[in-house]
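Thanks for coming. Today I will go through aromatic rings, the charges over them, and a few backbone angles.

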Amino acid sequence: MVLRNELDSPDYFLDWAFAEVKSFIVERNLETKSVIVRTTVDTNLQRVAEESIEFYLRQNGPEYNVKEAAVVLMENTGAVRAIVGGRDYGVSQFNRATKAERQAGSSFKVYVYAAAMETELTPTSIVPDAPITWRGWTPQNYNRRFAGRINLSTALARSINTVPVRITRDFLGGTKPVVDMAKAMGVESKLDGHHTMVLGTSGITVMDQATAYLTLANGGFSKSRHGFTQILNTNGEVLFDRRSEDNLGVRVLSERADIAMNNMLVGVTEFGTAQRAAMEGFRVAGKTGTTQGYRDAWFVGYTGNFTAAVWYGNDDYSPTNLLTGGRLPAETFQRIMTYAHQGVDLVEMPGVENSIPSKNSNTIQPETSDQLSSDIPKNEFVRPRTLSSATSDFLMKLIESFNETDPIDLDRQRVSSTR
């Protein structure tokens, strides 16, 4: 049983976390029937994610003929802070963030480029953007034109289609290295390995996309995504504490390759297809995705602190009205991330110069970071100030110190005081 508040319960998150806890209890063979679980959800971030989705669907849904959306927001420790599995849990309990496998479109190119960066290729390597045919398949660019000789960084920023196809065919020797890279980075969705997969024809969940991009944000280490930090029995005894676990992750991308990917993906938001995802004051990395027939629109991105995946589309797979990943998904990402970074300790993005503000204070304050839409009241989304990491660490050590101290014998103290 999951206890839920009647008001503002993070239902999609709780459904997912409950399933995760059940699986974990079976895996660890924990002998208990009732447990108390401390989850990773941040109710403020959850609320903003939900209201951001509702805002853009209400304002722009009819124009783009799009009715649904989903979001996963993770802290770069792997802790899942918010899940929006659809517009209205009361109408549909199907979790589009964790269960729906939608075509990734160009957001899948990240796995191609990541595999390529482990070869002799670099962001400045020149590859022709020219007509190509592979096993009877002749992919076209979005604008139906070709740029000729182009470096990989520019090709990724402009989301050119022929280049990743050429990389996979001529430099990687097929799709297997791409599938292997995606799996190593955290994709659990089944990838068919067909050569058209290079341009994102395989289905993938929003959760998998966030998990995989998290690897890039973490310096090439694949982190374990998680929705809970502690499990206790009804007597208050700790059965599991994630702080005692090794969560360094597994290196799946070399440091050189990770730095190359981070710098190329920063280019996507600064001069490429995702400029609407850019945030004032520090740098954002990510990739847009738009599928054939405009059935799915994606933006997946990250900073040194958070990683998020955003998807828009329709349950019946009907086309949207020319919606691309650089529009509502990128704008939703930017809105949520602006709130998420208020008042927190900012972390550098691995290998990216000037990735956070070079100011005396290393935090973004609410009064200077509100970039929400003009028709939203200015103070509606001001994140409550949080403790710094140093203060949090101090308080945790203080608690542990108290727990390890022998209890005071009050009766003995009273006897001593009367002598």
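Phe 24, Phe 228 and Phe 240 are joined into a cluster by ring pairs. A pair here means rings of Phe, Tyr or Trp (its six-membered ring) with centres within 6.5 Å; planes under 30 degrees apart are stacked, over 60 edge-to-face, and the rest tilted. This is a predicted model, in which local features need pLDDT of at least 70 and side-chain atom pairs count only at pLDDT 80 or more, while totals for chains, interfaces and linings use all residues. Residues are numbered from 1 along each chain as its sequence is written, and side-chain values use heavy atoms, with hydrogens and water left out.

With that rule, the count is nine aromatic pairs. One of them is Phe 13 with Trp 16, edge-to-face, at 5.9 Å centre to centre and 65° between the planes. Phe 13 and Trp 16 are about one helical turn apart because they are three residues apart in helix α1, residues 11-28. Helices are DSSP runs of H or I with at least four residues, strands are runs of E with at least two, and both are numbered from the N terminus. Phe 13 and Trp 16 are both buried. On that scale, buried is under 20% relative accessible area, exposed is over 50%, and partly exposed is in between, with a 1.4 Å probe and protein chains only.

Next, Phe 299 and Phe 333 form an edge-to-face pair, 4.8 Å centre to centre with 70° between the planes. Which parts does this pair tie together? Phe 299 is in strand β13 (residues 296-302) and Phe 333 in helix α9 (residues 328-340), so the pair ties together parts 34 residues apart in sequence. Phe 299 has 0% relative accessibility and so counts as buried; Phe 333, at 1%, also counts as buried.

Now charges over rings, meaning NZ of Lys or CZ of Arg within 6 Å of the ring centre and within 35 degrees of the ring normal. Arg 335 has its charged end over the ring of Phe 55, 4.7 Å from the centre. Arg 102 lies over the face of Tyr 317, 4.0 Å from the ring centre.

Most residues other than glycine have a negative phi. Tyr 317 has a positive phi, near 65°, and is found in the loop between β14 (306-313) and α9. With a relative accessible area of 43%, Tyr 317 is partly exposed. Leu 322 also lies in the loop between β14 and α9, and its phi is positive, about 60°, although it is not a glycine. Is Leu 322 buried or exposed? At 53% relative accessibility, Leu 322 counts as exposed.
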